Structure formats: C-alpha cells, structure tokens
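Q: I'm new to this one. Can you walk me through it?

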Amino acid sequence: MTADLIGLIAGTLLTLLVLSYILGDNPLYRLALHLLVGATVGYGVAVTTVTVLQTVLPALQSDSPDRVRALIPLVLGILLLFKGFPRWSAWGNFSTALLVGVGAAVAMGGALVGTIIPQTAAVGSLNVWLREGSAGLINGLIVMIGTIGALLAFAFAVPRQPALRRLWNGSVGVLGQIGRLFLLAALGAAFGTALTASLTVLVGRVYAVVTGIQQLLTLIGMSSG
Amino acid sequence: MDRLVKRILPTSIAVGTGLLVLLGYLLPVPPLASVRDELIRWAVIIAAFAFILGFFNLLRVHSGRARKPGGIYSVILILTAMTSLVLTLAALLIPSLRFLGDWWFRYVLSPLQATVAGLIAFVLAVAAFRLLRHRREAGVLVFLVAALVVLLGTLPLPAPAGNWLANLRTWWMNVPAMAGMRGLLIGVGLGVLLVGLRVLTGSDRPYSD
Amino acid sequence: MIYCPKCGTANRQGSKFCNECGAPLPATGLRCPMCGAMNPAGNLYCDRCSARLIPAERVPPEEEKPERPSPPKGISLPSVPLGEEEWLSELRAEALDLAPEEEAPGWPGELEAPGEPPTPEAAIPEWLAELEETVPEAPPPAEKPTPPLAGIPVPPSGEIPEWLRDVEFAPPIQEEPSAQPPPVAEVDVHAGMPSASTTVPPILIEGEEEILSTAPAEIPDWLKEAPAEAPPEYGGLVPAEIPEWLRPLQPREGVAVEEEPTETEGFLSGLRGLLPIGKGLDMPATAQPLLPRAPRPAAVARAELLQGLLSRPLITPPTAEIREAPRQSGWVLTRFLVGVILLAAILLPMLVRLPLFGPPTAPTAEALFATVNHLPGNTPVLIAWEYGPAESDEMDRVAGPLIEHLLRREARLIVVSTRMEGPAAAEALLASRLVDPSERSRRIANLGYLPGQAAGVREALGNLGGRTEAMTGLPASQLDIMADVHSIADVGMVVILAAQPDDLKTWLEQISVANPNVPVVAGVSARIELISTPYLAAGQLRGMVAGLTGGAVYERQLDTGWGREYEYYLTSIGMAQLAIAALTVIGALIFLVGGRKR
Amino acid sequence: MTSILPWLLIIIALGVLLWTAIRARRGPVPSTRPLPAFDGLPAELGHSAESGAPILFTLGSGAVGGDRTLTSIAALETLEGVADAAVAYGTPPIVAVGDPTILPLAEDIFLRAWNRRGTPERYNPTTVQFIGIQPTVYAAGVADLLLHERAHAHVLIGSMDEEAALVTHAAEGRGIPQSVAADRLPALGAVYPADARLAIGEELYAGPARIAALPRYIRSLRAQDVLRFLVVFLILMKVLGLW
C-alpha cells in the first residue's frame, strides 16, 4: 500500500514536471528529463544483458556445435568493446563489420521482398480496383498516377543537353510536380495521425494527473477523517 | 598485418555475411534460411554488447559535463542510470525482488516516458500553428487540408457533417495519401537497395578505413 | 585525383569532365617550381624552362596509385600538388622581402613574417571569403588551397623548415633516409588509420635539441637558394641579416656546406642549395652529427617560447559567442499560448460535461468484436505486445477491451514482444483487466522479450514451448496452459498490438510464412491506421481496432465499467483536436496576411 | 515472375553501377539536382568554425544490424563527408546517436579524420554521444542538448519517427538553422512544418553524393534513377496485366 502510495505521488509529480515543458523549458523539466534518460538507459542495459545471458549461457554449457554457435558472437561482442579505447579500436572492426554486413542484407531483403515489389504490385493491381466498380477504378488510377508522380518527383539526374532537358522538364518534371502534391497529401495525413495519436497520450497523462490528485485527496481525507 | 586486421578481414566478413543473409532472403530454402537466422542471431548478441559501449559513453559524457555549470543534471542522470540498472537487474535475476523492478517501471519509467511522448502533441500543435510561416510553396495548402481532414475526420461529430468528414478522411487516407505513401516507400526502398549494394560489394566500408 | 574547379568534386586522374557537375576539368599537372608554368601530369622536366619537376628518387604519384579516392573525403580540400607549390612559392617570395624586418621586436610579428604557414587568424579569412559566395553546388574550401595550418595535409616535401614539418605533418615523415616520401594523398587514404596509430607522431616538438639541430640544416637553405629566384636581392640576405634570435641557431661553417644537397640532374646540375625536394626528410639520420655545442641559455629560452607558440592548438577557437539568433518574434509567446489553449481544451471536459460529440463509430472494431465473439472457449491466443509505456496511454485503451473480451471468452493468452518494455507494459494492463489475480497462471503466459526483430519472431513462432515465462521464470513447456502449444501451428488466433508500422509488418510477414491460415487481428495506434488499412483490405488482417475511437466502440459493445473514462478521453481529445484545427487555420491566416517574419 | 524480380533489380542496379563506372572515364555525366538540405552544409561548417560553436548532428535511432541499418549507414556516410573539413577547421561536431550500435561507427569516423590530420591525440571521445535508447527519450535528450549546449546549427539525418518534432522544435526555439533528412512518413509529417531545409524520403540517401561527392556515390544515384524508371515500367505492366 505505502509503496503504491509513494509510487502514486512520485508518478503524478514526475508527470507534472514533464508537463511543465508546455509552459516553457525549465529546470524542473530538465530534472525529470535527466531522470528519464538515466532510467531508460539503465533499464535497457539490464534487460539486454539478461536476455543475452539467458540465450548464450545455456548454449555455452551444452555440447560442441551449440557452444561454437554461441562462442563466435560472444567473442565478436567482446571485441566490439575494444571500440571503447581509441588505441585498440581497430580490433572492433570485425564486430562492426558483421553488424553492418548482416544489417545491410536484412534491410535490403526487407526493401526488396517487403516493400518495393509488393507495393509496386499493389499500385498496379487492376482487378483489386475493379472490385469497387467504377469508383474503385477511378481511385485506382489516381493512386497509380500519384505513386508514379511521387516516384518521379525524386529523380536525381538532370540531362545537360538543352533539348533533352526541355523534354525532361516537360514529362518527368510535370509528373514530379503532381507527385509532389501527393507526397504532401501523405505528409499531411501523417501529421494528422501523429497528432491524434500523441494527443491521446497527452490527454492520458493529464487524465492520470487529475485522477492521481483525486486519489491522493481521498486518501488524505480518509487518514484525517 | 595491420592492413589485414583493419581492412581486409573486416571487409570480407561484412561482404561474406551480408551475401549469405541476402541469399537467405531471396531464396529462402532450408539451409540458406537457417544460416541467415543464425547470422542475425549473432548480430543481435553483438548488438547487445554495444549497449555496454553506449552505457559507458553516456557515463563518460556526463561525468565530463558534471563539472561544468548545470552539471547537477548530469550527476542526477548518472545516479538514476545506476539505480535503474541495479533495480532492473535485481528484478530480472531474483524473483523475490521483482516487485522493486515493477515499482520502478510502473511509477517512474512509465509516467516519464509516456508524458514525454505526450509532449509531441504539443510541439506538433505549435508547428501546426506556424505552418505557413516557413513553408510558402503552393503544396503547403495540400498539407494543410490533409492535416485538417485527418484531424477533424476522427472526431465523432454529429451527422451529417461528421459522417461526411469521416468519409472524406477515409477516402483521403486510402487514395491521395496512399499514393504519396507508396511513392515514398518505393523510393526509399530503392535508396536502401543501392546503399546496400555499395556495402555488399565492399565499395562502402563504414566499419573500416 | 583532379578536383573540379567548379564544384570541387574529386575526379579520377585523367578524366576530362567533372563527374559531379560535368564541367570540363583542367589538365592538372605539376607547376614548375622555377618558372611557375603548369606542366601535364607525369612530365619530368618543365616544358618552359625545362627545370626538373620531380626529384629523381620520387615516382610521380599517379603511377603509384592510379585508382585513388580523394584523400580528404567530403568537402574536398585543395588538390595536393597545387596547394603545395603555391604557398611554397609565395613563401619563398615573402621570405625575401620580409627577411630584413625580422629585426623588429615582438614575437608574433616575427613569427608570421617569414611566410611560414599562416596562423589560423590568417587562415580563416581566406576560406571565409570563399564561403560568402557559396553556390549550392560548390563546397567552397575546395577551390582555394588553404594554408596547412587551416588543416590541409601538405605533402612532406623538403621546402618547409624542418621544425615546422615536425609540427605539421608528423605521420607522413619516414625515418628511412632512403625511403621516398609518400604523396600525402596516399598517406591519407591508406595509411590513414594504420600509419598514425602505429607510428605515434612526434609530440609537437619533443626536446628543443631537435629544433636546435635541425634548424641549421634548413633555415639557411631558403636563404641561400634565394639567388636562384632573384639575384639582385641577394645582398639583402647576407648572414649578417639573420635576425638576432636566429643567430645562435646558425650553423658553424663547414657543417652547413657539406649539408647542402647538390643537384645531380637537370640543367641546374652541380648547383647547390636548390630546394631539396623530399631530401629534407632524412633529417633524423643527418641530425646526429649536427648537434652544436651547448646552446646559449638565451637561445634555449627563445626556442622554448617558439615551441610554445607552435604547439598551440592548430586553430584556437575564436572567442566569438555563438550567433544566438534573436528568438524569432513571439516564439515564446506563441509557444505559451498554444500550450495554454491545448491544456484548457483537454481539461475542460474533465471539469464540465460537454455533450459535444455523438457516439464514436468504427465499423472495423465492430467487425472484430464479432470475430472474437465466435472464438471457441479455451483457445490459445498468441498476443504480439508491440508497445511500451511511451504508447501505453493510447494503446492500453485500444488493447484493453480486446484483452478483456478474450479473457471473457476463456481464451488462453500467450504474450510475446519484440520491444524491451513490451512484457512489462503487458503485465501492467493484464493486471488491470484480469478480474481475479489468482486466475493468472491459468489464463496468461508472458513469454517475454524476443530480441532480433524478424529473426527473433521467426524463432519464437517456431518454438513457443522453448521459451521461459518472464514473470515466474518457469520454462514454458512446464506451464499447463502451454501444454498443447508448441509452435504457431497450435495457436487458434493471433492478436497484434502495434504502435509502430514495422512491428505490424514484421509479424504479418512472419505469420503468413509460418502458419498462413491462423486468423490474425490487430489493435493499432491511430498513428499507423493509414499503413494498416491495406492489410485489412487484402484480408491479411481479419479485424482491427484502430486508435482510441476503435477502442471506445469496442468497449461500448463489450460494456465494461470503463465507458466513462473513454467518454472523458474522447471529449478531451475532440476538444483538443478542434482547438488545434482552429489554431492551424488562425495561424495560417496570420502568416498568410502578415507575411513571412524576419 | 515475382520471385525473379528481386534478382532482376539487383542485377540491373549492378549493371548500371558498372556501366557508369566505365563511362565516367570519358565524357560528362548528367548532373544531379541540388538538395538544399545538404548543399548548405559546407557553408554552415565554415560558419561554425568561425563562431567556434559545433554543429549538432542527430543520427536517429536506426539500429545497425536491424532493418533500418542502411538509413543509418547513409547518415554516417554523410557525416563522414563533413568530418575531414570539420576536424581540419578545429570544430568537430557533436554527434547524438539514438542506438548504441551506431556509436562505434560514428566514433570511427572521427578517429579516422583525426588520424588523417596526423593528430590522433586530439580526438575527443565525447564527440559522439549516446543519448538514449527509446526513440522518444532520445529525441527529448537531443532537444535538451540543443537548448543548453553551444550549437551553431542542427542537422537531423537518420531514422526517426514523429518524435523528430521534439528536436526540430527545440532548434527552432533556439533560432538555430537546421537541415532535416528523414525517410519515414511519421517523421516527415512531423517535421515538414518546421523551419528547416528538408530532404524527403530517398533524398536522404543522396546525402553522401551531395556532400562527399565521391564518384561511387554519384554512380549509385544514377542506378537509383534507372531503377526508378524500371519500377514505373513495372507498374504500367501490372496495370496492363502483363505481370
């Protein structure tokens, strides 16, 4: 009970401190912020450490193949710690190299298999549009033009020969301009959704403060009366 | 030797592992797929060690800042980090002490994190107010309309205006915004693809000189 | 490496046009140290005065390394040969007419006078001037050679006084007299880390005897070779003119003479005291015999002072304060007002009841409710708990009713998360929604945190039984609610609670591979509704609760005690949204009418 | 068809890279369009050297080793593009990273830069700062840096979401000029209204080409453009039912 009471007070107080940023940056907010940074980092280090231990240690105790499989990353991980010392930093290159290599492949795989191809297919899937009849067809066409335009809006190359450049500006350029509008439509929507989502959180916090104070008051009332 | 350690070996590691993992994605047949997952698991374990690096970097930076004016915050940060580390470790390793970690998470970590996340709403509101101050292209109007439609479309306003707005919002989400989003996603995909190729062909070596 | 005169891009040797901006590139080559004529790269003798361009023992760089990336990546710093020759030639020029006034007292003056690499103060204006007329394409510093102190690696060529070279270009220096000085570019690119980390560069000037010993070898050099440039002034440079502070450093007769390199090739062959290109590098070897008798204390004092000046950081940050841009007009005010209005809009509904909004509508949520309603009892349901405290204020109200509904349907909840804080966040909500805590072990298994994104998910889906319960620490296989659940194949339904697009995508992809026919539903943040709807349309998702609105609708259908809270929330959010919409429009009008400030 | 498409894209990309590499020898290459977000950077660097206040780089929280690796790599390469000059001018930037795996890579950039300068001992281990793990916390931490450290300019390049608004807000309040390059929709939506030179989506991946301007970067932009048109072609084929 008391632990929860203290917690309630602490939580409400901290929330208030952070909320004070809305009225302007101030020492109380900074205090809360530094508390937060410290807390999250400590928490994160603890959780990752324990998770790794839980995954690696059993494997280390087990027999040969698993042990090797656990040992290599362990060694590379320890090598990575050399990055902390400029003199020996180079020994960590193996570990960073593996991270970069694997990460690059993961990202590429995701981009190819998960984004480029499915999205491309989705844009041009005529049959899906037709499910919703003529309206669907129109929407589908709009999406297609918008997507192509947005893609071309990013084109980096610019031909240098005047004639070519004129042609380019006439075709790719114009489509790009249209595409840019669609990009902004998406950005605006993203802005709106982000605002809605974070508003929900903000309201939640204000609500938490109000209820917290209410609870405290009732508790005080009980203790006094 | 020097070159070997600093350049050749790392490059071959990066390229080799990268190609293996990529193969695992492009033809996910049993041996390749499992190799891919194994390598990814390694990457996860190595990344965990990076947390230790990060932790010490944080301590170094803030112990340095602690001596400067306003250093009190850095001191607080270091102390909190230590506390959090100890409490969480205790909670995770010793079941009987779990309540400590839970308390810390529930009454300190959660409210703070959530409230900072809530601040985003505020800064976005300020940005919305000043939208036309900085952006003077015609497109900004599209952005403005989009933001308003999405914002008001979620409101359970009384019919008919409510329904009309809600439908408009749905359409906006599924057609114009969708088009822009897809263009963006595909484009980013292409960018990723090419940086990836540079890395996997060893022409970019962020991990060595 | 050729640097584009227009945009400064580093182009590979021999290209005719710039890779970046297509501008034609100058046929760069070596500038003749004697007559200053530009010679095509690879020339051995100057076309105009046929003076030797490249010392006999030095291979022209482009032959050593045909494929060289630009030494200093990025804002490409001046091309090496040009930079070197230019400031050196001007160094010689200055040296001539400035030598006399070295008599003048006052250290700084003396230091800068003999055209030694300008001190930062002298350096900055040069590129600053460039920066002013920066065109987007042109990274300014690319165009002018910046004096070495401003940080351009200058090749270790003999012309620079030895003591200066120690200060400047420590790593490139090679101890072997025979060894050829590597072109700096190469040092930068390859030796970059290795060389420096292995050969610890001499601390700026260790021990003054280095100066004392080396200076005599060098200073006279440029004084003596002056005639080669302009005979008339020779008179002005007789040793008598050597500034008083240099005199103690003057070599004794004989030593210096045998010191002087004698040119063996070219039409200058036989002449002495020519600029010993690259020769100067063998300083350490020749240094020993040169040690003069115990230096006079005065000399030592001066040398130390000289060191002091030289060993100062290359660029002393100017005292200029950062440009603390005047807070844009009314920034603080705007910020404050928006904040107050926002808070007011949020608080109002909590204080007074505003019957402002009709009941929320969310068809997808209703559909999902129906789906869950038909769930047979005791079904194992895998829950991907992809949100932490940062999102829990929204997501708890999205997930809450869904979880409670599942619990009412007597489902067994198996919780996993690829988020570090996921499991803890899950516990918090489950505790609030689970009526009877003693039920927990029979209803819920929290299998904790899955590191490794997609790979972690894949692994977990394949082997749920192999994990451990996060709260009790028991292996999942020993939990009775996991008795018949070993992998995704044994799961009756999957619920994805996602606040980030990637999480939803990852889970859907992995599940569609692992077990395509298990029904998947989702509770998502309003933020990713846009990204989630396509999955719903494609049928990958059987149902979805999106945002607080969806949660409220679900809650109303389920009719738990939480309705009131949702009402508060919705009204507050509604008010806040209206307020922000109004602010946006007002702001737009203000700035449209008022025009851009500043 | 769908299964060979990835290979097709990769092979074509490689082909273009090779072709442009050969072609780069002779004849001009079409220029790439300017990107204000990056093109202003060298000048800012000079001004920062002048004022003695560093530029603050926000590299986002995309873990290296995860599926956001390459965004962070592109950001790092852009940073490397300015590292040499920044080090030469004696005002190395402050680099704020949001994921520990980016930390060693970012530190290496400056180690190397100082080594190239020949003064490795001047490398300062607090140039790169690990701010926090959780994205929102990271953003708030960077915002605090911007508000209370001497920063001449702010460059946000990397993988973030709407929390980026916290950072740009702080920079705006401080009146610090800033460039923002983001590739994720939420971040873009959140920072678009801010007072910043913006690089949208894949423009982020053009950063190295605009800053470091190494031929290989420019070549890969070429390839990117070729693939772009290939994708457009694929879309049209799909519409016509040919795929």
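What follows is a short chat about parts of this structure.

Q: Before we start, what kind of model is this?
A: It is a predicted model.

Q: OK, start with the sheet in chain C. How many strands form it, and in what order?
A: The open sheet has 6 strands, in the order β7-β6-β5-β8-β9-β10 of chain C. The pairing is parallel.

Q: Which are the edge strands?
A: They are β7 (444-449) and β10 (543-546) of chain C, and each of them pairs on one side only. From one strand to the next, the twist averages 15°.

Q: What holds paired strands together in general?
A: Strands of a sheet pair through backbone hydrogen bonds.

Q: How many bridges join β5 to β6 in chain C?
A: There are 5 bridges between β5 (residues 380-386) and β6 (residues 412-417) of chain C, and the two run parallel. As for who faces whom, A384(C) stands opposite V416(C) in β6(C).

Q: Which strands does helix α15 of chain C touch?
A: Helix α15 (residues 422-433) of chain C packs on the sheet and touches β5, β6 and β7 of chain C. The direction of α15 makes about 155° with that of β7(C).

Q: And where does helix α20 of chain C pack?
A: Helix α20 (residues 547-558) of chain C packs on the sheet as well, touching β9 (520-524) and β10 of chain C. Its direction makes about 115° with that of β10(C).

Q: Back to β9(C): how many of its residues are buried?
A: 5 of its 5 residues are buried, and the strand is mostly covered. V520(C), A522(C) and V524(C) point one way from β9(C), while V521(C) and G523(C) point the other way.

Q: What joins β9(C) to β8?
A: 5 bridges join β9(C) to strand β8 (residues 493-498) of chain C, and the two strands run parallel. In this pairing, I496(C) stands opposite A522(C).

Q: What about D559(C), which phi does that have?
A: D559(C) has a positive phi of about 55°, and it is not a glycine either. It is found in the loop between α20 and α21 (563-594) of chain C.

Q: Is D559(C) buried or exposed?
A: D559(C) is exposed, because its relative accessible area is 59% and the cut-off for exposed is over 50%. E410(C), at 40%, is partly exposed.

Q: Which residues form the nonpolar patch on the surface?
A: The patch is formed by L23(A), L333(C), F336(C), L337(C), V340(C) and I341(C), with about 530 Å² of accessible area together. One of them, L337(C), lies in helix α12 (residues 331-351) of chain C. L337(C) counts as partly exposed, at 45% relative accessibility.

Q: Now chain D. Where is T168(D)?
A: T168(D) is in helix α7 (residues 164-174) of chain D.

Q: Why does T168(D) count as buried?
A: T168(D) counts as buried because its relative accessibility is 3%, and buried means under 20%. Leaving out residues up to four places away in sequence, T168(D) touches Q178(D), V180(D), V191(D) and A194(D).

Q: Last one, chain A: where is V128(A)?
A: V128(A) is in helix α5 (residues 126-130) of chain A. With a relative accessible area of 31%, V128(A) is partly exposed.

Notes. Residues numbered from 1 in each chain as written. Chains lettered and ligands numbered in written order. Predicted model: local features only at pLDDT ≥ 70, side-chain atom pairs only at ≥ 80, totals over all residues. Heavy atoms only, no water. Helix = DSSP H or I, 4+ residues; strand = E, 2+ residues; numbered from the N terminus. Buried < 20%, exposed > 50% of the residue type's maximum accessible area, 1.4 Å probe, protein only. Contact = heavy atoms within 4.5 Å. Patch = residues over 30% accessible without salt bridge, like charges linked within 9 Å, V, L, I, M, F, W, Y side chains within 5 Å. Areas by Shrake-Rupley, 256 points an atom, 1.4 Å probe, with all protein chains shown as cover. Salt bridge = Lys/Arg side-chain N within 4 Å of Asp/Glu carboxyl O. Pairing = 2+ DSSP bridges. Axes fitted to C-alpha atoms, helices over the stretch in contact; angles between N-to-C directions.
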